[in-house]
Amino acid sequence: MCGIVGAVAQRNIVPVLIEGLRRLEYRGYDSCGVAVLAGGEPRRARSVARVADLDEQVRETHLEGFTGIAHTRWATHGAPVTNNAHPIFSRNALALVHNGIIENYESLREMLRGKGYEFVSQTDTEVIAHLIHSLYRGDLFVAVREAVQQLHGAYAIAVEHKDQPNTVVGARQGSPLVVGLGQGENFLASDALALAGSTEHFIFLEEGDVCELTLERVRVADRDGRDVEREVRTVAAYGGAVELGPYRHFMQKEIFEQPRAISDTIPQADSFDASLFGDAAARAFGEIDNLLILACGTSYYSGLTAKYWLESIAKIPTQVEIASEYRYRDSVPNPKSLVVVISQSGETADTLAALKHAQSLGHRHTLSVCNVGTSAMVRLTELSFLTHAGREIGVASTKAFTTQLVALFVLAATLGKLRGHVDASLEAQYVRQLRHLPAALNSVLALEPQIIAWSEDFSRKENALFLGRGLHYPIALEGALKLKEISYIHAEAYPAGELKHGPLALVTEAMPVVTVAPNDALLEKLKSNMQEVRARGGELYVFADSDTRIVSEEGLHVIRMPEHYGVLSPILHVVPLQLLAYHTACSRGTDVDKPRNLAKSVTVE
Ligand code: G6P
């Protein structure tokens, strides 16, 4: 899973490609590289450090050219070493970048070895480069079209050949690729954002498309090789540098942006109306009797939280499933389901595939809760609700999560109202509670100094347990995920009642146990679970609502939340857990915004 950019122009295109890579780093950052055609064989620079290092290299070596391709990598086949970094060459004539996974690369490699091709990397990508080279008879467009017929798996590629110095050819199947149309220059990229500033006119290539970019022309052929006209769309992607301001990392900045992001996401109207989800929502909502929520990672946890709201407020049966599981198992389709996909990016490969799978099974009603209005997911669903978190740069999701929770609460309230379970007074109460959220969040953010003090203890631990119950169990899951992904401390979350069925065996003085303790109906049960931990010497770190009467003592540390938040409590309780993970990671000196081995947007399965 990676990001690619390509360009043909009449100016040195390397700075545009490098800037494009910077904006695509959210797709992976294990290595990066660029290759240009500048009369003769392609020249390249590659780095296993960040794009800034690549930039330095190209400046030092005066790597310049009018035609070029570039890549930022998230390693799948082959370690993140220079040799596996793209662009990959074939016989110093052809350069190629790839996002995706080729499933039949082993048989292709054997076939190509038989033709005398030598493999110098451990990537699956190298087979594509040699395959196209082996088919090249003077027309790169034709060679790529022939080559892709033999590929199984997912790919978006950009290719250049030394004998066609003003041409870049691209193809896509299963991985995104857009063409950017300029004046006397044309571009390719995994995402329109990469080309912001160069063009606002895009063709979103369709599955199986192959395209040829020259200075004056873009040609697109569909999977059957027929020339096709694709719609040109205008997208004003904001590519400007996002400022860090007074913050140390984007994650910290994004945690502190949550009051604003949430206030931008809360609907302006004082009532919950189906039209918030699209013109067709009123009819669709009337035809459903259950929900199927599909998502990955943090978005999956927002789905899990929503299940509690949807079943208690709207009384509508709700199933939540990890997208990568749903897409491959036999399930029983129900035409009365509303399939809800939740995604910050709207491009996560497993969630997209799960959505398409659900549609192929006959599910007509689909809704995306997404932070990117131009994303594939929003384009593919009947209904949508956009979160307005703004660009999220930190790999560990924060403001996208809390804005998804807002969207899903609005969905629960809307369905509850339609189904007769939310009357006017409850509706007004929910609206008031939503409007109070930004101020409530600001008070929670003011707890940061106390959380910093805790993070010193945490930074010396190697394991942590997180406990929650009911509506706050998914919040415990999200807290554990945040801690493990950025501080590399092993963390697990359990519904507190389940403790005695296994995890209690792990509890010793060395095990910090973080507990989410809102003042809800399960508080007394939760207190018993905390006693079970104390009795085994476990150290408790409790985030308690203001009115819970849980007080600090030996082995029991308490941070008191400023208020008791009622039904929206998960949105507030997750914030101290984000801060705890963040400051623990800072104490351990990790790369908070770009944790090892991860990527912001996972566009391969
Ligand atoms: C990656 C990110 C996570 C994110 C997940 C789902 O794993 O690192 O932060 O929650 O993908 O992404 P999506 O864009 O679909 O919400």
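Biologist: Where is Asp-209 found?

Modeller: Asp-209 is found in the loop between strand E11 (201-204) and strand E12 (210-213), where helices (H or I, at least four residues) and strands (E, at least two) are DSSP runs, numbered from the N terminus. Residues are numbered from 1 along each chain as its sequence is written, and side-chain values use heavy atoms, with hydrogens and water left out. This is a predicted model, in which local features need pLDDT of at least 70 and side-chain atom pairs count only at pLDDT 80 or more, whereas totals for chains, interfaces and linings use all residues.

Biologist: What makes the pair Asp-209 and Arg-230 a polar contact?

Modeller: A polar contact is a pair of N or O atoms within 3.5 Å; within protein, one atom must be able to donate a hydrogen and the other to accept it, and residues adjacent in sequence count only if both atoms are side-chain atoms. The side chains of Asp-209 and Arg-230 are joined by such a contact, at 2.8 Å.

Biologist: Why is Gln-258 called buried, and what joins the side chains of Gln-258 and Thr-402?

Modeller: Gln-258, which lies in helix H7 (residues 258-265), has a relative accessible area of 0%, so the term buried applies to Gln-258. Its side chain and that of Thr-402 are joined by a polar contact of 2.7 Å.

Biologist: What makes Ser-384 partly exposed?

Modeller: Ser-384 has its place in strand E20 (residues 383-386), and its relative accessible area is 23%, so Ser-384 is described as partly exposed. Between the C-alpha atoms of Ser-384 and Trp-74 the distance in space is 29 Å, while in sequence these two residues are 310 residues apart.

Biologist: Why does Glu-539 count as partly exposed?

Modeller: Glu-539 belongs to strand E24 (residues 539-544), and a relative accessibility of 21% is why Glu-539 counts as partly exposed. Glu-539 and His-557 are separated by 18 residues in sequence and by 8.0 Å in space, C-alpha to C-alpha.

Biologist: Why does Ala-521 count as exposed?

Modeller: Its relative accessibility is 81%, so Ala-521 counts as exposed; Ala-521 is placed in the loop between strand E23 (512-517) and helix H17 (523-535).

Biologist: What is the value of phi in His-62, and what makes His-62 exposed?

Modeller: Phi of His-62 is near 50°, a positive value in a residue other than glycine. Most residues other than glycine have a negative phi, and most peptide bonds are trans. His-62 is found in the loop between helix H2 (51-60) and strand E4, and its relative accessible area is 57%, so His-62 is called exposed.

Biologist: Which peptide bond joins His-86 and Pro-87?

Modeller: His-86 and Pro-87 are joined by a cis peptide bond, with omega about 0°, and Pro-87 has its place in the loop between strand E4 (67-73) and strand E5 (88-90).

Biologist: Which residues are the closest to the ligand?

Modeller: The ligand is surrounded by 13 residues, of which the closest are Ser-299, Ser-343, Gln-344, Ser-345 and Thr-348; a residue is near a molecule if one of its heavy atoms lies within 4 Å of it. Helix H9 (residues 297-313) gives the most to this shell, with three residues.

Biologist: How far is an oxygen atom of the ligand from the side chain of Ser-299, and from Thr-348?

Modeller: An N or O atom in the side chain of Ser-299 is 2.6 Å from an oxygen atom of the ligand, and a polar side-chain atom of Thr-348 lies 2.5 Å from a ligand oxygen atom. Ala-599 places a backbone N or O atom 2.9 Å from an oxygen atom of the ligand. Taken alone, the ligand exposes 390 Å², and the protein buries 89% of that.

Conventions: Areas by Shrake-Rupley, 256 points an atom, 1.4 Å probe, with all protein chains shown as cover. Buried < 20%, exposed > 50% of the residue type's maximum accessible area, 1.4 Å probe, protein only.
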